[in-house]
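Here is a short tour of the model on your screen, meant for reading with the structure open beside you. Take it one topic at a time, and pick out the residues as they come up.

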Amino acid sequence: MDPVVLGETLAVLMFLGTIGMVLVGFPVAFTLAGTAIIFAAIGSGLGVFDFSYFHALPNRVFGIMINEVLVAVPLFIFMGMMLERSRIAESLLTTMGELFGPLRGGLGISVILVGTLLAASTGIVGATVVTMGLLSLPAMMRAGYDPKLAAGVICASGTLGQIIPPSTVLIFMGDMLQASNQAAHNSVGDLTPEPVSIGDLFAGAVFPGLVLVGLYILWVVYKAITEPSSCPPVDAPKDDQRHLAWRVLVALLPPLILIVLVLGSILSGTASATESASVGAIGAMILAALRRQFTLRILLDVMRSTMTITSMVFIILAGASVFSLVFRGLGGEHLVAEVLADLPGGMIGAVIAVMAVMFVLGFFLDTFEIIFVVVPITAAALIVLGVNPIWLGVMIGMNLQTSFLTPPFGFALFYLRGVASKTVSTIQIYRGAVPFVGLQIVGMVILWFLPGLATWLPDQIYNNGVPRTYLADRDTSGTGDGAGQYERSDEPFELPIDNNSVFELGDEGGGGMFGEPDGGNAFDDPTNMFNDAPAGEADGESGGGGSAFDDPTNMFNDPPADSDGGGDGQQQ
């Protein structure tokens, strides 16, 4: 069998085997790494995998450890856990229930609004669903709400933290998409791509998140009109109406101030995501202290919970690094790029296929497990096809939000089942979530036809209102009309250069990491990430007349002062 086909076959089997092992119940992080090592050994025995790829693994893990951007993850988790302990959600639900309760569907609307505020201030799905399940579900049941509607509203509102910033999912997505965007542009010869930052994704997710909130509210209003008995009004005692405006203000003001401090500093460019997360963590402790909910025991519990959640996420990321490294070494990225490029419909067909795969995986896997495995494999290929990376990141975030609601393994459903009374059955919780999964799909369709919802605000904030050009608009193919031709075409897309030179390091017939053509400055060592000439290689001997110099301090291979740049390597 052709070694290339054999390697790609092993890559596919490794992916399927990993999914199967996770479904059996093995821990995700160790399944990702363990399955990858087993298939690496098989591939090495068959001569289709080089163990020298593992030389890059320590740098990958160390890169995760020293990545300043990812420091924001434990800080945001700490902020969310501390706010959950400060009982802000309880006061919000109480006052908003009093405000909207007299309306049909008012309790449902208040739960959605509180979920939105908690998403923008905590971003912790589990804590939000549990808190609202404990406080809101009994009140909605006493008011005569349909158990399916009540369960669906609580679960869906709790998952808004996955798309409304500050979302930990968007932090990881921003870091991955930045690397994928750089690789995609480099592969077609563009070494100065527009950057993709966490701030871009945070800004891009604001309007789509609000669209989802609006869809949820419209669904409750629709139920109130068509089935009034499913969400009756709640008659509040007149005594409770006194000073209601003041109580609402007191309940709303603290989380709103925290939201402005955290998101405002990020979106205004005043602070990075990590700096804003530290402000949020301190602000959460201050709010807890003001509410007399800040003690040494609470602080230790919050720190322990933060450490547990952070460790779980990052060990999955480390396992996913091993998986992606072996997948690349077996030729899996090359296969994915070819499959996506050859799908009917070109870029549109490729995006729909990737979104469909993620949606199906959401029935069985957690959000972090999906993005750590699927995004590094597919994002670069989609960006090469002309997809805007900011729009792609927001679309993936909306798609994976459904993973918390899709039976049988939707985590939000499990969280609510754990705190719901026996009067609400598991089947009612599942059936209540189905309409909101449909609403999220509607939101994705709206974002598909109105991409400006995700791209307009980042351009206004970070690029003075000027739309940024990614591969969809740049002329990088050498044909004169840019990669945008593929976005407008219904024909399957073909990479502008040899696939091997885009996705494989050190391939003899291809190029290096940056897509050098055959005979360029590319060497066989897969750990030689920057294609440096071997020690002692003479000037110009690296093939094709390219310029490689021996000075180890010459990081960018600039020609010596008395050199003309070495033929083809001369800078124009």
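The chain has 23 helices and zero strands. Please keep in mind that this is a predicted model. Of its 572 residues, 54% count as buried. Among contacts between residues at least 6 apart in sequence, 74% join residues at least 24 apart.

**The nonpolar core**

- The largest nonpolar core has 166 residues. Those with the most contacts inside this core are Phe 172, Phe 323, Ile 371, Phe 372, Val 375, Leu 382 and Leu 392.
- Which helix gives the most to this core? That is helix H17, spanning residues 367-384, with 13 residues.
- Leu 392, one of the residues with the most contacts inside the core, touches Leu 177, Met 355, Ala 379, Leu 382, Ile 383 and Val 387, if you leave out residues up to four places away in sequence.

- You will find Leu 177 in helix H9, which runs over residues 168-187.
- Is Leu 177 buried or exposed? Its relative accessible area is 0%, so Leu 177 is buried, the cut-off being under 20%.
- Setting aside neighbours within four places in sequence, Leu 177 is in contact with Val 196, Leu 201, Val 375, Ala 379, Ile 383, Pro 389, Leu 392 and Gly 393.
- Leu 177 and Pro 376 are 199 residues apart along the chain, while their C-alpha atoms are separated by 8.1 Å.

**H9 against H17**

- H9 and H17 pack at an angle of about 25°, and their axes are 8 Å apart. Because angles under 35 degrees count as roughly parallel, the two helices H9 and H17 get that description.
- The crossing of H9 and H17 is right-handed.
- On the H9 side, the residues that meet H17 are Thr 168, Val 169, Phe 172, Met 173, Met 176, Leu 177, Ser 180, Asn 181, Ala 184 and Ser 187.
- Their counterparts in H17 are Thr 367, Phe 368, Ile 371, Phe 372, Val 375, Pro 376, Ala 379, Ala 380, Ile 383 and Val 384.
- Sorted by class, the contact of H9 with H17 has 15 nonpolar, five polar and no charged residues.

**H1 against H2**

- H1 passes H2 in a right-handed crossing.
- From H1, the residues Leu 10, Leu 13, Met 14, Thr 18, Met 21 and Val 22 take part in the contact. From H2 come Val 28, Thr 31, Leu 32, Thr 35, Ala 36, Phe 39, Ile 42 and Gly 43.
- The residues of the contact of H1 with H2 divide into ten nonpolar, four polar and no charged.
- Ile 42 lies in H2, and with a relative accessible area of 37% it is partly exposed.
- Ile 42 and Gly 7 are 35 residues apart in sequence and 9.9 Å apart in space, C-alpha to C-alpha.

**H6 against H7**

- Helix H6 (residues 106-121) and helix H7 (residues 125-142) pack at an angle of about 165°, with their axes 11 Å apart. H6 and H7 are therefore roughly antiparallel to each other.
- H6 and H7 also have a right-handed crossing.
- Leu 107, Gly 108, Val 111, Val 114, Gly 115 and Leu 118 in H6 face contacts with Thr 128, Met 132, Ser 136, Ala 139 and Met 140 in H7.
- By class, this contact of H6 with H7 has seven nonpolar, four polar and no charged residues.

**Backbone details in two loops**

- Which peptide bond is cis? The bond from Pro 165 to Pro 166 is, with omega near 5°.
- Pro 166 lies in the loop between helix H8 (147-158) and H9.
- Arg 292 is not a glycine, yet has a positive phi of about 60°.
- Arg 292 lies in the loop between helix H13 (273-290) and helix H14 (296-329). At 76% relative accessibility, Arg 292 counts as exposed.

Technical notes. Residues numbered from 1 in each chain as written. Predicted model: local features only at pLDDT ≥ 70, side-chain atom pairs only at ≥ 80, totals over all residues. Heavy atoms only, no water. Left-handed = near helix turned anticlockwise from the far one by under 90°. Helix = DSSP H or I, 4+ residues; strand = E, 2+ residues; numbered from the N terminus. Contact = heavy atoms within 4.5 Å. Nonpolar A, V, L, I, M, F, W, Y, C, P; charged D, E, K, R; others polar. Core = buried A, V, L, I, M, F, W, Y, C linked by side-chain atoms within 4.5 Å. Buried < 20%, exposed > 50% of the residue type's maximum accessible area, 1.4 Å probe, protein only. Axes fitted to C-alpha atoms, helices over the stretch in contact; angles between N-to-C directions. Parallel < 35°, antiparallel > 145°, perpendicular 65-115°, else oblique.
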